[in-house]
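My notes follow in the order I made them.

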Amino acid sequence: VLGDGECNEGQIWEGAMFAAHYKLDHLIAFVDLNKQQLDGACDDVMFMGDMVDKWTAFGWHTVKVNGHDIDAIVDAIAAGKAQDEKPVMIILDTIKGNGCELAEQTFPCHHIKFTYEQIAPSIAKAEAVLAEVRKA
């Protein structure tokens, strides 16, 4: 599992080339494409272009899915297992802080310390969802 900001680093691409060259078709990797990194928006820190195009150009079978949709992720993994002679990259298109309104509205939210008062509504919302899941 890689972060999109982490993909600015050279060793990521060295590993990507290695995996493609040696046809590591039992390798499935993920990029969390949340468009943020510690220093700000990924495109502002270092524009990487289209991640699907980039990984495909490096010789990987690449698919992009909604990273908040568990069924889509499971389907992408299943399809990836059927690939021959290529490693598989699943790009998870996500929203940083998804489901926590305060975090979703705060940019960047990579390293912010929230007070209990700020986060309490999100905790209550999560507890309500969990209670509904437990009833089912």
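I started with lysine 135, which is exposed at 64% relative accessible area. Buried here means under 20% relative accessible area, exposed over 50%, and partly exposed in between, with a 1.4 Å probe and protein chains only. I found the side chain of lysine 135 in a salt bridge with that of glutamate 132, at 3.4 Å from N to O. The rule I used asks for a side-chain nitrogen of Lys or Arg within 4 Å of a carboxyl oxygen of Asp or Glu. Glutamate 132 and lysine 135 are three residues apart in helix H6 (residues 116–135), so about one helical turn separates them. Helices (H or I, at least four residues) and strands (E, at least two) are DSSP runs, numbered from the N terminus.

Note on the source: this is a predicted model, in which local features need pLDDT of at least 70 and side-chain atom pairs count only at pLDDT 80 or more, while totals for chains, interfaces and linings use all residues. Residues are numbered from 1 along each chain as its sequence is written, and side-chain values use heavy atoms, with hydrogens and water left out.

I then counted the salt bridges and got three. One of them joins lysine 23 to glutamate 85, with 3.8 Å between the closest N and O atoms. Lysine 23 sits in the loop between H1 and S2 and glutamate 85 in the loop between H4 and S6, so this pair ties together parts 62 residues apart in sequence. Lysine 23 is partly exposed at 45%, and glutamate 85 is partly exposed at 48%.

Another salt bridge pairs lysine 35 with aspartate 93, the closest N and O atoms being 2.3 Å apart. This pair also links distant parts of the chain, with lysine 35 in the loop between S2 and S3 and aspartate 93 in strand S6, 58 residues apart. I noted both as partly exposed, lysine 35 at 39% and aspartate 93 at 28%.

Next I checked the backbone. Most residues other than glycine have a negative phi. Lysine 35 has a positive phi of about 65 degrees and is not a glycine. Glutamate 85 also has a positive phi of about 65 degrees, and is not a glycine either.

Which residues have the most contacts inside the largest nonpolar core? I listed Cys7, Trp55, Trp60 and Met89, in a core of 16 residues. A core is a set of buried Ala, Val, Leu, Ile, Met, Phe, Trp, Tyr and Cys residues joined through side-chain atoms within 4.5 Å. H1 gives the most to this core, with five residues. Apart from it I found another core of eight residues, including Phe30 and Ala72.

I looked up the contacts (heavy atoms within 4.5 Å) of cysteine 7, leaving aside neighbours within four places in sequence. Among them are Ile12, Val31, Met48 and Trp55. Isoleucine 12 lies in helix H1 and is buried at 11% relative accessibility. Its C-alpha is 8.7 Å from that of leucine 2, which is 10 residues away in sequence.

Last, I turned to leucine 24, in the loop between H1 and S2. Leucine 24 is partly exposed at 33%. Beyond four places in sequence, leucine 24 touches Phe18, Ala19, Lys86 and Pro87.
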